[in-house]
Amino acid sequence: MNSMAGQLNESIKTGNEHVYDMLSTLGKEIYFPKEGILSQSAEATAHAKKYNATIGIATEGGMPMHLAVIQEKLSAFSPKDLYGYAPPAGKPELRTVWREKMLRENPALVGKSFSNPIVTNALTHGLSIVADLFAESGDAIIYPDKNWENYELTFGIRRHGETVNYPLFTEDMNFNSAGLLEALLAQKERGKAIVLLNFPNNPTGYTPGVKEGEAIVAAILRAAEEGINVVVVSDDAYFGLFFEESLKESLFGKLANLHPRILAIKIDGATKEEFVWGFRVGFITYASDSKELLAALEQKTMGIIRATISSGPHPSQTFVLDALKAPEFTEQKEEKFQIMKGRANKVKALLDSGKYGDKVWTYYPFNSGYFMCLKLHTVPAEDLRLHLIHNYGLGTIALGESDLRIAFSCIEEEQLEDLFDLVYAGIRDLEKA
């Protein structure tokens with residue numbers, strides 16, 4: 001093992017030996033080189049005042065070399081904020097501003113000890129980093145039966161984790177914290193579990209209420225008290241899009257520093273929160289009482305980034321930072337939030353109107369995010385999906401035998417009734433066939 005990796009591991013052991021035990025083999029072996037090209041370039045940038053012949057970019061006139069056909073489209077920004085490499089952990093000011101945003105929006109984080117957010121190439125990359133650092137072959141990866149399919153690729157296929165599902169909802173359509181606890185306690189012999197919490201949930205658009213959130217935290221705490229090391233990941237992709245009474249902040253704040261056997265990690269980003277999907281700007285944040293441990297995890301995270309993408313894209317980080325600092329940002333974001341809320345409320349009003357009855361479908365609870373799911377009672381979801389796309393020009397997502405996901409996020413409010421009329425017509429077609 002490289003000596004730098006060993007030093008980082010000792011810092012993690014000193015800070016919390018349980019977190020060291022959570023690391024995968026790769027997580028223990030990875031490090032960020034301090035004596036390589038990047039560190040020597042950083043030293044030269046600080047001290048080489050005459051010539052700096054270390055950086056692997058081209059310069060001209062004291063600025064990064066660039067083409068006019070590109071710069072003329074981006075003339076509001078300086079070339080230095082676009083073309084050079086961003087630091088592996090991301091633009092320092094962006095990290096600071098995002099941390100301040102997290103504290104404003106998550107009151108439970110105030111007074112807690114957590115790292116500066118590290119910039120990732122959006123949220124999938126952040127989840128991949130978690131998988132690399134903590135998931136070992138055979139580790140239990142716990143998440144509900146209604147989930148984003150990329151979890152299986154990221155934690156199962158790539159890292160050979162063992163998927164453990166539990167029903168998302170109870171019979172009375174509340175979050176199934178008892179199912180989560182059962183799945184956790186089943187890992188006592190392993191002594192370790194990775195839990196993925198995704199609220200608002202993809203595909204259902206559900207966010208638990210405050211009491212449900214307390215039950216989730218209690219279940220994870222109970223597992224830790226039973227001797228299970230729990231890596232708990234808050235996948236907050238759709239954070240902030242809370243349209244009704246529900247949790248209004250991430251459970252990361254409640255889980256941070258809760259127990260030595262709990263490592264809380266927050267994955268979030270501008271991708272969906274700020275409506276910049278293609279910019280691919282996300283963040284990963286760790287919570288711990290130990291500053292040395294947080295510093296070591298940051299170095300290991302940077303090592304994974306260095307070994308995979310080297311660093312995230314610089315222009316999009318600049319664009320997001322500029323937007324977050326703009327005086328008009330809050331007002332413009334609120335306008336988009338109200339549009340999304342209007343669409344969600346319109347869907348619920350349609351489904352509750354009695355127009356379609358409840359014989360062909362019911363719907364799972366939704367109160368947030370981009371999506372909702374119908375539970376079909378009379379036709380298979382895949383049959384309906386194919387029928388709708390080929391006969392009505394309507395695209396939907398079939399999940400399992402009976403669930404049909406509809407993204408109201410990408411449908412204008414005045415078009416939603418027509419959309420559900422078509423879904424209903426498609427079901428009636430199949431019932432007659």
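Predicted model: local features only at pLDDT ≥ 70, side-chain atom pairs only at ≥ 80, totals over all residues.
Helices, which are runs of at least four residues, and strands, which are runs of at least two, are taken from DSSP and numbered from the N terminus.

By class, the lining of the second largest pocket has 6 nonpolar, 2 polar and 7 charged residues.

## The largest pocket

The largest pocket holds about 950 Å³ of space. It is lined by 31 residues, and those closest to its centre are Thr 45, Ile 55, Gly 84, Tyr 85 and Ala 86. Two or more residues each come from helix H4 (37-47), strand S2 (63-64), helix H6 (92-105) and helix H14 (314-325), and it is H4 that gives the most, with 6 residues. The lining of the largest pocket divides into 14 nonpolar, 12 polar and 5 charged residues.

## One side of helix H16

Which residues of helix H16 are buried? In this helix, which covers residues 381-391, they are Ala 381, Leu 384, His 387 and Leu 388. An α-helix has 3.6 residues a turn, so residues three or four places apart point the same way.

The cover over the buried residues of H16 includes strand S11 (371-376), strand S12 (397-399), strand S13 (403-407) and helix H17 (416-432). After H16 comes Gly 393, whose phi is positive, near 65 degrees.

Trp 361 belongs to strand S10, which covers residues 361-363. Why does Trp 361 count as buried? Its relative accessibility is 2%, and buried means under 20%. Leaving out residues up to four places away in sequence, Trp 361 touches several residues, including Leu 351, Tyr 356, Leu 374, Phe 420 and Ile 427. Val 232, by contrast, is 129 residues away from Trp 361 in sequence and 34 Å away in space, taken from C-alpha to C-alpha.

Thr 154, in helix H8 (residues 150-157), also counts as buried, because its relative accessibility is 6%. Apart from neighbours within four places in sequence, Thr 154 is in contact with Leu 127, Ser 128, Ala 131 and Arg 159.

Most residues other than glycine have a negative phi, and most peptide bonds are trans. Against this background, Met 173 has a positive phi, near 65 degrees, and sits in the loop between strand S5 (162-166) and helix H9 (177-185). Met 173 is partly exposed, with a relative accessible area of 34%.

Phe 275 has a positive phi as well, near 60 degrees, and is found in the loop between helix H12 (270-273) and strand S9 (282-286). With a relative accessibility of 21%, Phe 275 counts as partly exposed. Finally, the peptide bond from Phe 199 to Pro 200 is cis, with omega near -10 degrees, and Pro 200 lies in the loop between strand S6 (192-198) and helix H10 (210-225).

Conventions: Residues numbered from 1 in each chain as written. Heavy atoms only, no water. Buried < 20%, exposed > 50% of the residue type's maximum accessible area, 1.4 Å probe, protein only. Contact = heavy atoms within 4.5 Å. 1 Å grid on protein atoms, 1.4 Å probe; cavity = no way out; pocket = protein on both sides within 12 Å on 5 of 7 lines; lining within 4 Å. Points joined across faces, edges and corners; volume = space filled by probe spheres on them. Nonpolar A, V, L, I, M, F, W, Y, C, P; charged D, E, K, R; others polar.
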